[in-house]
Amino acid sequence: MKIGTELLFLMLTLTIMSISGCANMNQAECKTANWRAIGYEDGVAGARDSQFSQHRQECAEHGVTADINDYLDGHVEGTKKYCTQTNGFFLGKRGQNYNGNCTEALAPAFLNGLTDGKQIYSAQRAMDSADDALERLYARIENFEEVLLDKNNLMIADGLVRGERLEIRQQIESLEIKMVELIDLIPEYQDEQSRAIRNYDSVKQSLASYF
């Protein structure tokens, strides 16, 4: 299956999940319901067949009896679309978890894909974390530079007595020591970032068959 088709299917799956998660069936929908289609949509969205009980309850409030047989027939077909290895991969890549909705026959392939996808997800998170850590380190160093600039300007300002200037000088020296300590950490953080990038590239390459 081509990547464009897989991404489209995933987008449709997420759209159906968001719709089914927030909307209730009204009276008109219950009376005109195609229960096979509803079951199919729930299956494609990764919902378990127990979702039928919610539909049944909602339509019972409007005096409509839901057709469980048609629903389950549709759900089986929808689940077959959802429980593929490729779909499992792209869901895992987004950090999603398995909700136990696949049949015993379909679950192994789906879980293999989900596990592979989570490798990418974890590697991406590690890379993002390393990037953020390095950015925070740079930000801390920049903050020290700004404080040091203010302190140096203050030390040469008019109206200060010798004791006040000495105190500011000590503060500057203390800040400079701390800033140098942070600067010394840059290579370590850069190495961690490089390792995370290499690991991500390696994982992605090992799973190139999905892309």
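Let's start with a torsion angle. About the S-S bond of Cys30 and Cys59 it is about -85°, so this disulfide is left-handed. Keep in mind that we are looking at a predicted model.

Where do the two cysteines sit? Cys30 is in helix α2, residues 27-31, and Cys59 is in helix α4, residues 51-60. The pair therefore ties together parts that are 29 residues apart in sequence. The sulfur atoms of Cys30 and Cys59 are 2.1 Å apart. As a reminder, a disulfide is a covalent bond between the sulfur atoms of two cysteines.

Are these cysteines buried or exposed? The cut-off for buried is under 20% relative accessible area. Cys30 has 2%, so Cys30 is buried. Cys59 has 0%, so Cys59 counts as buried too.

How many disulfides does the structure hold? It holds 2. The other one joins Cys83 to Cys102, with an S to S distance of 2.0 Å. This link is left-handed as well, with -95° about the S-S bond. Here the cysteines are in loops. Cys83 is in the one between α5 and α6 (85-93), and Cys102 is in the one between α6 and α7 (107-155). They are 19 residues apart, and the pair links distant parts of the chain. Both Cys83 and Cys102 are buried. Count the bonded cysteines along the chain, and the pattern is 1-2, 3-4.

Now to helix α5. This helix has 15 residues, 68-82. At 1.5 Å a residue it should span 21 Å. The C-alpha atoms at its ends are 20 Å apart, which agrees.

Which residues of α5 are buried? They are Tyr71, Gly74, His75, Gly78, Thr79 and Tyr82. Look down the axis of α5: these buried residues fall within an arc of 145°, so they line one face of the helix. An α-helix has 3.6 residues a turn, so residues three or four places apart point the same way.

What caps the N-terminal end of α5? That is Asp67. One of its side-chain oxygens lies 3.1 Å from the backbone nitrogen of Asn69.

Last stop, His75, which lies in α5. Its relative accessible area is 6%, so His75 is buried. What does His75 touch, leaving out residues up to four places away in sequence? The list is Gly39, Tyr40, Asp42, Gly43, Ala47, Arg48 and Asp49.

Conventions
Residues are numbered from 1 along each chain as its sequence is written. This is a predicted model: local features need pLDDT of at least 70, side-chain atom pairs count only at pLDDT 80 or more; totals for chains, interfaces and linings use all residues. Side-chain values use heavy atoms; hydrogens and water are left out. Helices (H or I, at least four residues) and strands (E, at least two) are DSSP runs, numbered from the N terminus. The expected span of a helix is 1.5 Å times one less than its number of residues. Buried means under 20% relative accessible area, exposed over 50%, partly exposed in between (1.4 Å probe, protein chains only). The arc is that of the directions from the helix axis to the C-beta atoms. A polar contact is a pair of N or O atoms within 3.5 Å; within protein, one must be able to donate a hydrogen and the other to accept it, and residues adjacent in sequence count only if both atoms are side-chain atoms. Contact means heavy atoms within 4.5 Å. A disulfide is a pair of cysteine sulfur atoms within 2.5 Å.
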